[in-house]
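Q: I am new to this structure and would like to go through it with you. Could we begin with how some of the helices pack?

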Amino acid sequence: MDDAHATHTLQAHTPVTPSSRRNYLAKPHRTDALIDFVKQLIHHSFVLDALEHTAPTTWEHVEELVDDHRAAQASASATATSRLAELAPGISTFYTRLPLASAWRLYDDKYALSKRRFVAPSSSEIRHVFNLAQVLAMRDTGLRLVTFDGDQTLYSDGSDFSDPKLARYLVLLLHSGVSVALVTAAGYGYEGALYERRLSGFLEYMRSRQVPEEAASRFYVLGGECNFLLRLRAIRRKGEGVGPLDYELESREHDWEAIWSPRDSEVQELLNVAEESIRSSVRDLLPRARVIRKSRAVGLVAGGQRGKAAALGRGAGKSWLPRESLDEAVLRLHDDLKRANGGRGVALPFCAFNGGSDVWCDVGTKRVGVDGLRKVLGLVAECVLHIGDQFLNTGNDHAARHSCPCLWITNVGETKQVIKHVLRDALGLSDIKDRSWASSS
Ligand code: IMP
Ligand code: MG
């Protein structure tokens, strides 16, 4: 069958109305406008074989554009716009200056990008330069809180925390007076034991090093994006005042109610619209998937053997689901929630995202979560850093960009790398070796 005929046959079997096609074609997703813009600039130099000489100037130029953008943000005029906002539509707030030229020099000195002749700087490398510039900027702001996404940031997707080196870095943050929070979409209500299981390797490390009570109490968990706040506390299990320290997560529901307590009628309205949207995606696109409804979320997950058996010959995957279909389900959710209530949209903020192997719509967002934690701790945005892997418009860390500076990583290895820089470059710690904290308690 030739290509033209194949297309014709497909179209004949897949009726697509112009309105149902609108979003996917008109709105690019899985792109980041700022990184794409810088990549384009850098590629001009690369093609001209002039990267070594012109890249520093290019980064200086981008640094100036960020400064202009910050000035436009700070100006009283609500209509003030910036050149950067026109060149990279969709960019949000920059809470600090970004020393991009210095970051490029450090990065290039280490990885010799400008010496390459055949391979141009990649999107990941440009992302790393932005991350490094953000860490360097935190030298002057006084870092007080680091919030971490969970899946794919502190542990790989669906697994539990298992990296002792990362645990050590988190403890060093706590010990330096910096609060640390896991801000995750995973919502287990106020069942501390379930979050403790996800954090098992971290808590194991805390026990083995006997991290003092004061440092431990700076660790928080915010589950369901922003719905359930818990705090770590150190306890002695064997009678009063004796025995080694152990650690457990304690509900802070009462404190958190003052910050975020959405009306139940609005929660149910949001979840009803989301569930209907998800069920229609299952019918149309993902017949093997299973729908889960929780108190503050609705999700679509792989249906396993039973899902496969129920839709033999249709759909794909038993323990995974196709990425494109998951993205489509997310964009449909955004559309349906926006159109609810005769086009006024639902009353509450929501987070509809592709988690890699599932789709979720949560009540509230990481923006609500990180803003709330800032309020609990009395912190301005510049003293806070959020680290996560989902910064595209179908991801759930994206919302945190409206709360504080962010570092965009793609796996646990990169988290360790950026935290090492935070400890050394932002907090000025020279000694980040392993040690027991027992004697310092
Ligand atoms: P995060 O990367 O730590 O924010 O976690 C995202 C992942 O948590 C999702 O991809 C899901 O697999 C999982 N998850 C479990 N429960 C929920 C929920 O209630 N809402 C959203 N995601 C959930
Ligand atoms: Mg994640």
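A: Helix α7 (residues 123–137) and helix α17 (residues 412–426) pack at an angle of about 30°, and their axes lie 9 Å apart. Because angles under 35 degrees count as roughly parallel, α7 is roughly parallel to α17. Helices here are DSSP runs of H or I with at least four residues, strands are runs of E with at least two, and both are numbered from the N terminus. Axes are lines fitted to C-alpha atoms, for helices over the stretch in contact, and angles run from 0 to 180 degrees between N-to-C directions.

Q: What kind of model is this, and how are things numbered?
A: This is a predicted model, in which local features need pLDDT of at least 70 and side-chain atom pairs count only at pLDDT 80 or more, while totals for chains, interfaces and linings use all residues. Residues are numbered from 1 along each chain as its sequence is written, chains are lettered from A and ligands numbered from 1 in the order in which they are written, and side-chain values use heavy atoms, with hydrogens and water left out.

Q: Which residues of α7 and α17 meet?
A: Arg127, His128, Asn131, Leu132, Val135 and Leu136 of α7 meet Glu414, Val418, His421, Val422, Asp425 and Ala426 of α17, where contact means heavy atoms within 4.5 Å.

Q: And how do α6 and α7 pack?
A: Helix α6 (residues 100–111) packs against α7 at an angle of about 120°, with the axes 8 Å apart. The two are therefore oblique to each other, the class left over once angles under 35, over 145 and 65 to 115 degrees are set aside.

Q: Changing topic, which residues hold the magnesium ion?
A: The protein donors of the magnesium ion (ligand 2) are Asp149 (OD), Asp151 (O) and Asp389 (OD), at 2.2 to 2.3 Å from it. Donors are N, O and S atoms within 2.8 Å of the metal (3.2 Å for Na, K and Ca); water is not among the atoms, so sites may look incomplete.

Q: Are Asp149 and Asp151 buried or exposed?
A: Both Asp149 and Asp151 are buried, meaning under 20% relative accessible area; exposed is over 50% and partly exposed in between (1.4 Å probe, protein chains only).

Q: Which residue has a phi near 80°?
A: Gln152 does, a positive value in a residue other than glycine. Gln152 is found in the loop between β1 (145–148) and α8 (164–175), and at 22% relative accessibility it counts as partly exposed.

Q: What about Glu225?
A: Glu225 has a positive phi of about 70°, although it is not a glycine. Glu225 lies in the loop between β3 (219–223) and β4 (228–236) and is buried, with a relative accessible area of 0%.
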